[in-house]
Amino acid sequence: MSAPLSVSIRTYQVGFGDCFLLSFAYQDTSEKHVLVDFGTTKLPDDAPKTWMADIADDITKRSGGKLAAVVATHRHQDHISGFAPDAKGKGTGAVIAKLKPDLVLQPWTEDPQALVDATEPPAHTGHTAKGLGSHVRSLAAMQIASAQFVAEARRNNQYLSNIEGRPKGQISFIGEDNIANPDAVRNLMSMGPNEYLYAGQSTALAEALGLEIDVLGPPRVAQYTAVKKQRARDPNEFWQLAAKASEAIDIGEKKRALPLFPDYVRPRADGNFPIDARWLINRARTVRGNQLLELVRNLDSAMN
């Protein structure tokens, strides 16, 4: 494949999120298109409800109905929510899938073949290798914990809305960004041939585009041993306890969350607290809000 003559980069205004369409032009007047991320957690203030659908339609138009590749950098909602189809199997995710990308590129930690007890990604060259499925399950556990934190923040909004001068809704905003996107994840797995990449790995996209492509990350454990520092279970990591409080971490299944400490659950009071206890209750809930905010910030950092 000859090298392209030029490249155009379109940045779509999805609000709080990312969406880029790279269009490579060749000497024979043909073009190849690569979509990098497609997600949002908050649309622009003046955007209509059809905004994401309008963007998906424009991507279809600009690409001529065909994508050379889709690149999903990681599973945060602001990066991949647009790849999710709706309940009827339509929506923006279905529109992108119809563009039949020749390749779908994701981090190696998303590989569904990854196993529990390994430090390397699965091989795709005919021989068997072990992956890092425990990391994928850690992501799922973080997302469960985030969902629980968001639910609690909403229940106690009057106490958590503006903690220590922080922007209102920050707990919910960061936490929602970490909630799992199972429909988008499944769609990315099925819309085209997948490559799960690590730092320094070669990709078929380079030959397809006629370019040299450097994959910068994520690293394998052998490349960066610090990624091993997060243990599968750690009693000091509260988010892991919160995640385990759910009945299961199966992506896509709706499970009723169990109490974190079931032996200490007491019936709810009728709300008529003694007046001399109200200040203490308010302060305790405010402290709880501070704790939740720090937890979701840590989860947000780990997910990124």
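Okay, quick definition to start: buried means under 20% relative accessible area, exposed means over 50%, and partly exposed is in between, with a 1.4 Å probe and protein chains only. By that scale, Lys 42 is partly exposed at 42%.

Now, what you're looking at is a predicted model, where local features need pLDDT of at least 70 and side-chain atom pairs count only at pLDDT 80 or more, while totals for chains, interfaces and linings use all residues. Residues are numbered from 1 along each chain as its sequence is written, and side-chain values use heavy atoms, with hydrogens and water left out.

So, salt bridges, meaning a side-chain nitrogen of Lys or Arg within 4 Å of a carboxyl oxygen of Asp or Glu. The whole structure has five. One of them pairs Lys 42 with Asp 45, closest N and O atoms 2.7 Å apart, and Asp 45 is exposed at 72%.

Another joins Asp 58 and Arg 62, at 3.4 Å from N to O. They sit four residues apart in helix H1, so about one helical turn separates them. Helices, by the way, are DSSP runs (H or I, at least four residues), numbered from the N terminus. Asp 58 is partly exposed at 23%, and Arg 62 is too, at 40%.

What about Ser 63, buried or exposed? Buried, at 6%. Ser 63 belongs to H1, which covers residues 51-63. A polar atom of the Ser 63 side chain lies 2.7 Å from the backbone oxygen of Ile 59. Leaving out residues up to four places away in sequence, Ser 63 touches His 33 and Leu 99, with contact meaning heavy atoms within 4.5 Å.

Terms used:
Helix = DSSP H or I, 4+ residues; strand = E, 2+ residues; numbered from the N terminus. Polar contact = N/O pair within 3.5 Å; in protein donor to acceptor, adjacent residues only side chain to side chain.
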